[in-house]
Amino acid sequence: MRYCLFFRKMMWLVSFVVLFLFLNKTAMAGWILTGTYIDSEGRTMPQRFFIENNKVKYEMHDFIYIFDLNAKSLILINIDKLTYCKTTLDAYISFKRSMMTQRLGELLKSVPENERNQWKEEYTRQISREGTIPAQSGDSVTINDTKTDFKMVTYDTDKYAVSVNGLRVEEVWIAPALKMDSDFNWAGYFEFMAALSLREGDVKLMTSKPYKELLSAGFPLRRIMYTSVGNNEWQVNLLEEKNIPDYEFYTPALCKSVNLQQWFTQPVQKAAAYDDYE
């Protein structure tokens, strides 16, 4: 009788542990977003994002960036050169600033002597701001719900019009039911975007108070950005919720490790053809 009772308790414990591990693994499922970016010249560039537990892998046609939003670590991968640089966000920003400082002496030689102090002060301020999220100015950002609903990759979206100082600059489709809060935080992501100078105008707009409030309402699945030189468009075409293997966020085995100095001095060559990620 005692043996049967002990056996039942053990089976209950084993069942509980198995259920806990299953639910925990499900809760930790990540996201893979496959989409396209169309620039103002009409060129289409495939992009893919792997997102899980505040780690982001961003693939584009000739580069891969891997961010750890919590640890503030960064892996840069040059697909064409088969090289990678593993560093931190602070080290990356510091190195960029040091390069700008080294360049300052050469630049001052071409500036008239009576203008050098003023020019040096301004350039020094630029160095101090390098790699940081642009400060908000007095621009008025307004966001209006267009009352237009549209289904994208199985999610219902609401279309919003974004204006700066009364001028329309963007239309964005937000999916209210798509929440990635446990796997992704915008604040950390914007830090990496600013450091890598990825669409700086975007970062300033998206870190404004009205836009941050919009992002808290859901995840964007499509954006059309209007500029004076043409329109840019970004859209998610495939959205998958699944557990992402750890190796997706590791350094690639086939690539050679380089330091920041080597990374910045290696020649950049655009890929002749874009990977379609299919």
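A residue counts as buried when its relative accessible area is under 20%, as exposed when it is over 50%, and as partly exposed in between, using a 1.4 Å probe and protein chains only. By this rule, 42% of the 278 residues of the protein are buried.

The model on the screen is predicted, and local features need pLDDT of at least 70, side-chain atom pairs count only at pLDDT 80 or more, and totals for chains, interfaces and linings use all residues. Residues are numbered from 1 along each chain as its sequence is written, and side-chain values use heavy atoms, with hydrogens and water left out.

**The whole chain**

Begin with a cartoon view. The protein has seven helices and 12 strands; helices (H or I, at least four residues) and strands (E, at least two) are DSSP runs, numbered from the N terminus. Contact means heavy atoms within 4.5 Å. Among contacts between residues at least 6 apart in sequence, 59% join residues at least 24 apart.

Two packed helices are described by the angle between their axes and the distance between the axes. Axes are lines fitted to C-alpha atoms, for helices over the stretch in contact, and angles run from 0 to 180 degrees between N-to-C directions.

Select residues 89-108, helix H2, and residues 116-129, helix H3. How do H2 and H3 lie, roughly parallel or roughly antiparallel? Their axes come within 10 Å and cross at roughly 165 degrees, so H2 and H3 are roughly antiparallel. Angles under 35 degrees count as roughly parallel, over 145 as roughly antiparallel, 65 to 115 as roughly perpendicular and the rest as oblique.

H2 passes H3 in a right-handed crossing. A crossing is left-handed if the near helix is turned anticlockwise from the far one by less than a right angle, and right-handed if clockwise. Show the side chains next: the contact residues include Arg97, Met100 and Leu104 of H2 and Trp119, Tyr123 and Ile127 of H3. The residues of this contact divide into seven nonpolar, four polar and five charged. Here Ala, Val, Leu, Ile, Met, Phe, Trp, Tyr, Cys and Pro count as nonpolar, Asp, Glu, Lys and Arg as charged, and the others, Gly among them, as polar.

**Helices H2 and H4**

In it, Leu89, Tyr92, Ile93 and Lys96 of H2 meet Glu191, Phe192 and Ala195 of H4. By class, the contact has five nonpolar, no polar and two charged residues.

**Two loops**

Move to the loop between strand E2 (44-52) and strand E3 (55-59), where Asn54 lies. Asn54 is buried, with a relative accessible area of 10%. Leaving aside neighbours within four places in sequence, Asn54 is in contact with several residues, among them Phe67, Asp68, Ser182 and Phe184.

Asn53 is found in the loop between E2 and E3 and is partly exposed, at 38% relative accessible area. Phi of Asn53 is near 50 degrees, a positive value in a residue other than glycine.

Now select Lys72, in the loop between strand E4 (63-68) and strand E5 (73-78). Phi of Lys72 is near 60 degrees, again positive in a residue other than glycine. Lys72 is partly exposed, with a relative accessible area of 27%.

**Cysteines**

Finally, select Cys85 and Cys255. Cys85 is buried, with a relative accessible area of 1%, and Cys255 is buried as well, at 15%. How many disulfides does a search of the whole structure find? The search finds zero, a disulfide being a pair of cysteine sulfur atoms within 2.5 Å.
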